[in-house]
Amino acid sequence: MAEELYNGAAVHEGFHDLADLRAFARKLIEHWDRWQMKPFHMKGEYDVGGPILWSFTNHVVNLMRTVLDLSEKDRGIIAVPLIRLIVENTMTGMWLYLEPSNTWAILTEGFQKRKAAINGVIEIEGEGFDKSDVAEIDQILESLDGATLPPFEQRCADIEGGKAIYVVYRVLSSYCHAGMALGDFYLGETEEYPGLERIPDARLPNHEAWLGAAVSMLIISMKLCDNIDYKGGLKSQLDRAAKRMGMSLNFVKAPKKEKKARAKARPATSAVQGP
């Protein structure tokens with residue numbers, strides 16, 4: 001007997017129900033899979049960062065496959081860490097798209113983490129690495145411009161509308177770590193001692209909202225990748241998808257805050273001094 005798939009009415013007027021929203025997302029993934037069988041024509045300004053951006057988008061697509069499977073089983077709480085990763089990869093991809101030179105910060109941070117991991121293996125006398133591997137990474141780091149990857153919060157703040165996305169990310173994060181939020185999720189209050197009951201099969205509320213957020217990020221991530229291909233293989237499909245979701249695909253940097261110049265204090269006598 002086939003397992004019954006979870007469904008529910010959709011609040012979004014563009015979809016009949018959750019099954020309709022999932023089918024919409026799976027269609028987008030099919031477009032992506034077909035596109036990967038064709039040559040990718042990278043725009044010149046993305047010759048270094050473009051492959052990394054593509055990797056972020058491909059990861060978003062693969063994460064989304066599993067999110068949809070979990071949604072069908074109403075396992076939203078298990079999907080939350082994956083949705084969080086979808087948000088992180090999409091927004092970092094947008095940060096890279098809007099400023100291709102940010103590639104160097106991503107590479108620098110990547111080699112620094114690799115160096116730290118190798119040093120950790122050496123410290124515990126693990127096999128496979130020695131100090132020559134560390135020296136090799138040091139040479140690579142010296143060849144980079146030393147740019148520092150800002151925290152994810154700052155990457156979001158650099159994007160118009162990104163602060164709101166970061167708030168969503170923080171809420172998702174609360175369900176991804178061993179903390180109070182997970183305790184609240186799986187426990188309920190009772191009037192009897194000790195005042196708590198276990199809820200092994202607890203379900204995440206607002207299923208459609210979290211699924212819709214993931215689908216929106218999927219569209220954005222695919223659009224970023226489409227934009228760095230000068231032939232734009234998915235332009236029409238993604239524009240239609242964004243229209244159905246009621247979202248914009250206009251990616252811009254957040255305006256920089258101007259530092260207010262401090263007026264130099266004038267001596268009190270200067271206002272009354274004559275010529």
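Modeller: Helices (H or I, at least four residues) and strands (E, at least two) are DSSP runs, numbered from the N terminus. This is a predicted model, in which local features need pLDDT of at least 70 and side-chain atom pairs count only at pLDDT 80 or more, while totals for chains, interfaces and linings use all residues. Residues are numbered from 1 along each chain as its sequence is written, and side-chain values use heavy atoms, with hydrogens and water left out.

The buried residues of H5 are Val134, Ile137 and Leu141, where buried means under 20% relative accessible area, exposed over 50% and partly exposed in between, with a 1.4 Å probe and protein chains only. Seen down the axis of H5, these buried residues fall within an arc of 65°, so they line one face of the helix; the arc is taken over the directions from the helix axis to the C-beta atoms. An α-helix has 3.6 residues a turn, so residues three or four places apart point the same way. On the other side of H5, Gln139, Glu142 and Ser143 are exposed, whereas the cover over its buried residues includes helix H4 (103-123).

Turning to the aromatic side chains, the structure holds 11 aromatic pairs, a pair being rings of Phe, Tyr and Trp (its six-membered ring) whose centres lie within 6.5 Å, with planes under 30 degrees apart counted as stacked, over 60 as edge-to-face and the rest as tilted. Tyr46 and Tyr97 make a stacked pair, 5.7 Å centre to centre with 0° between the planes. That pair links distant parts of the chain, 51 residues apart, since Tyr46 sits in the loop between helix H1 (18-35) and helix H2 (50-72) and Tyr97 in helix H3 (residues 76-98). Tyr46 is buried at a relative accessible area of 7%, and Tyr97 also counts as buried, at 17%. The rings of Phe152 and Tyr166 have centres 6.1 Å apart and planes at 50°, so this pair is tilted; Phe152 belongs to helix H6 (residues 152-157) and Tyr166 to helix H7 (residues 162-174), 14 residues apart. Both Phe152 and Tyr166 are buried. Elsewhere, ring pairs link Trp32, Trp35, Phe40 and Trp54 into a cluster.

Ser221, in helix H9 (residues 207-227), is buried with a relative accessible area of 1%. Not counting residues up to four places away in sequence, Ser221 touches Phe56, Thr57, Val60 and Thr90, contact meaning heavy atoms within 4.5 Å. Pro194, by contrast, is exposed at 60%, in the loop between strand S1 (187-189) and strand S2 (196-198).
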